Amino acid sequence: MFAFAFVLVPLYDVFCEITGLNGKVTGTSTLSEESLAISEQRELLVQFITRNNESMPWHFKSEKSQMRVVTGNQYDAIFVFHNKTDKAMVGQVIPSVSPGRGADYFHKTECFCFDQQYLAAGERIELPVRFIVDPALPKEIGSLSLGYTLFDITDRIDATKEVAKL
Amino acid sequence: MSTVVETHDHEGHHGPAKGLTRWLFTTNHKDIGTLYLWLSFTMLFVGGAMAMVIRAELFQPGLQIVQPEFFNQMTTNHGLIMVFGVIMPAFVGFANWMIPMQIGAPDMALPRLNNLSFWLLPMAFGILVSTLFMPEGGPNFGWTFYAPLSTTYAPSTVNFFIFSVHIMGISSILGSINIITTIFNMRAPGMTLMKMPLFVWGWLITAYLLIAVMPVLAGVVTMMLMDINFGTSFFNAAGGGDPVLFQHVFWFFGHPEVYIMILPAFGIVSHIIETFSRKPIFGYSSMVYAMASIAILSFVVWAHHMFTVGMPLAGELFFMYATMLIAIPTGVKVFNWVATMFRGSISFETPMLFAIAFVALFTIGGFSGLMLAIVPADFQYHDTYFVVAHFHYVLVPGSLFALIAGAYYWLPKWTGNMYDETLGKLHFWLTFISVNITFFPMHFVGLAGMPRRYPDYALQFADFNMLISMGAFLFGVTQLLFLFIVIKTIRGGKKATSEVWEGTRDLGLEWTLDSPPPHHTFTVQPQVK
């Protein structure tokens, strides 16, 4: 049962997949066969929300706060990152899609959230999110919100480097 | 075999060892039961003192007596001590005293393991309470210690807290192994499972629950330890983890834990109501099946503590329905207790008063539990004083009353002296009245929106809070009367017969023994018809 506590971590993933309940916050990066076969397209609104966790000092904003998109087509959304401090830092963005039921249907083929972001002191960059909204998105969902939370992981990276040196 | 028996009888004449080493090294179930009971009685006053600090601060709006940082340590440790240091050890103390006597066994199956199980606890609580005196202060994140408050934002004393929880868990697991082994292997011939006393059944089921879920608690505090000290991200979103994982794993332990705290109480209450109604318990087998159903169901309802975290609707509905289901076997038990009393020849000695109060007030606690089970309603009740009212009703006039009732019921057996009935009744009425003054208004302030774990509150809650605090002070002081009664009984009183109460000879094997029983009992197995 002690191991069971730890095994719960992957078990939840399995449970989400089997039941389709999927409280997961993001979908897969590619469309399924069935979805590719759907030729019917519909329009919906995709909104972008950015937030910084606690005291993360970077400027982190989306260029556009929302986009009207069509299912099945690929779109780019640009996000601006600016390290306003005088120290090099590392950030990690964690995504979340709302409503939860829609998360499965939001496919990010390319995203800065896949990687850690290193920014030198004062550095500013613009990074894209490339996404496709699945044509199989349920009719009841008229808009999707893509929320990004930016975490400061500089300390964790430093700590890992220390451990790696050993 | 008979040669062994004779040697035993000779040894019995020597009696227990003298002095401090008797208690340090004892392997005797009666001594160990006594140790657990005194530990839990002491912790009752420690945890109770913390509650008095809480209620003193909440007596009036504003911050008068303690800083919020210390207030949070009080709420956290009050919960931890009452759950792990009072209710659980007290029931284990009853188990140690009563299970061998009730099944006709000479002792527990693993007596030395029994000693270890007890002595781990003062160590664990010493570590826990000592953190309150450390510079950074003790645990301040609630007894449910959610991450990241208990990981990223915790004082460094959290590591002592984790160590303490591990030790308590080991104690419970070892004790439960002992109990299950004893019950399965050492029952007197003729005592089939369905002839066992209900207290023994209650503990058999509880022991399985403990073995199943204490390791999960150990798992979650180990994950915490790793997140705090070894850079893992179980509960840290930045590293790909999730704070909600903590809540799932904790409550997977936490929900069965609250049934662990009530099932032995159900057993005790069944015995007392049967005795003082002078009528066999109504529906013995349904009582057993009900306890087993409650235990099994308790594994699949944990997320009702987390309705507000953002679960998918289907998940919330499942947990809502499963939680409401538990009311059914519980209701069976309540109706059976009432049916036992119906047309019985009832007398209202102190144990019976506490047992009847248990049935009525635990049911009220159950009703507020049902209200909390309704998902949309819970969105309003969650983290308010309504929840505090609910669990205090099921734990105080629930578990604690059953413990007190059991103490009055079996003290004459343990000590050989009757307790003072007038004082006992006084203790009951003061407790009953103060418990209701303390906890009933919490329903109202909770429904009106007062949040829990807050050192201060909005002005509209002031009157009820003052009333609650006054009830709490009376309740606290009244338990000093209980301490007085217990000590008075130990020191002397009207001599008790082996039967103690009318007509108990056929109700259980413990009533065939002397009061107090010799240090070693049932060295020869009794036969049960």
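I started with B:Arg343, which is found in the loop between helix H11 (313-341) and helix H12 (350-373) of chain B. Helices here are DSSP runs (H or I) of at least four residues, strands are E runs of at least two, and both are numbered from the N terminus. B:Arg343 has a positive phi of about 60° although it is not a glycine. I counted 9 C-beta neighbours inside 10 Å, so B:Arg343 is exposed. The cut-offs: a residue is buried if 20 or more other C-beta atoms lie within 10 Å of its own, exposed if 12 or fewer, and partly exposed in between, with C-beta atoms placed from the backbone.

Ground rules for these notes. This is a predicted model, where local features need pLDDT of at least 70, side-chain atom pairs count only at pLDDT 80 or more, and totals for chains, interfaces and linings use all residues. Residues are numbered from 1 along each chain as its sequence is written, while chains are lettered from A and ligands numbered from 1 in the order in which they are written.

**Confidence**

I checked the scores next. The predictor gives the complex an ipTM of 0.84 and a pTM of 0.92. Chain B averages a pLDDT of 95, and 97% of its residues score at least 70. pLDDT is the predictor's confidence in each residue, from 0 to 100. Over residues 1-12 of chain B, pLDDT stays under 50. For that stretch the model has 8 contacts beyond four places in sequence. Two residues are in contact if their C-beta atoms, placed from the backbone, lie within 7 Å.

I looked up B:Phe145, another residue that is not a glycine but has a positive phi, here about 30°. B:Phe145 sits in the loop between helix H5 (111-130) and helix H6 (158-185) of chain B. Is B:Phe145 buried or exposed? B:Phe145 is buried, because 24 other C-beta atoms lie within 10 Å.

B:His248 belongs to helix H8 (residues 243-260) of chain B. With 20 other C-beta atoms within 10 Å, B:His248 is buried. I also took a distance from B:His248 to B:Tyr321, 73 residues apart along the chain: their C-alpha atoms are separated by 18 Å.

I then searched for cis peptide bonds. The bond from B:Ser515 to B:Pro516 is cis, with omega near -5°. B:Pro516 is in the segment after helix H16 (462-491) of chain B. In chain A, the bond from A:Ser98 to A:Pro99 is cis, with omega near -5°. A:Pro99 lies in the loop between S5 and strand S6 (106-110) of chain A.

**Helix pairs in chain B**

At what angle do helix H4 (residues 68-103) and helix H7 (residues 198-229) of chain B cross? I got roughly 120°, with the axes coming within 10 Å. That makes H4(B) oblique to H7(B). Axes are lines fitted to C-alpha atoms, for helices over the stretch in contact, and angles run from 0 to 180 degrees between N-to-C directions. Angles under 35 degrees count as roughly parallel, over 145 as roughly antiparallel, 65 to 115 as roughly perpendicular and the rest as oblique. From H4(B), B:Ala95, B:Met98, B:Ile99, B:Gln102 and B:Ile103 meet B:Phe199, B:Val200 and B:Trp203 of H7(B). I sorted the residues of this contact into 7 nonpolar, 1 polar and no charged. For the classes, Ala, Val, Leu, Ile, Met, Phe, Trp, Tyr, Cys and Pro count as nonpolar, Asp, Glu, Lys and Arg as charged, and the others, Gly among them, as polar.

My next pair was helix H9 (residues 263-277) and helix H14 (residues 385-415) of chain B, which pack at about 45° with their axes 9 Å apart. H9(B) and H14(B) are therefore oblique to each other. On the H9(B) side I found B:Ala265, B:Ile268, B:Val269 and B:Ile272. Their partners in H14(B) include B:Gly398, B:Ala402 and B:Tyr409. The contact of H9(B) with H14(B) has 7 nonpolar, 3 polar and no charged residues.

Chain A has 3 helices and 9 strands. Buried residues make up 23% of its 166 residues. Its C-alpha trace spans about 50 × 50 × 25 Å along the principal axes.

How many residues of chain A are in contact with chain B? I found 18, against 17 residues of chain B. Helix H1 (2-19), strand S5 (89-98), strand S9 (143-152) and helix H3 (154-165) of chain A each supply at least two residues of that side. H1(A) gives the largest share, 6 residues. The side of chain A that touches chain B divides into 12 nonpolar, 5 polar and 1 charged.
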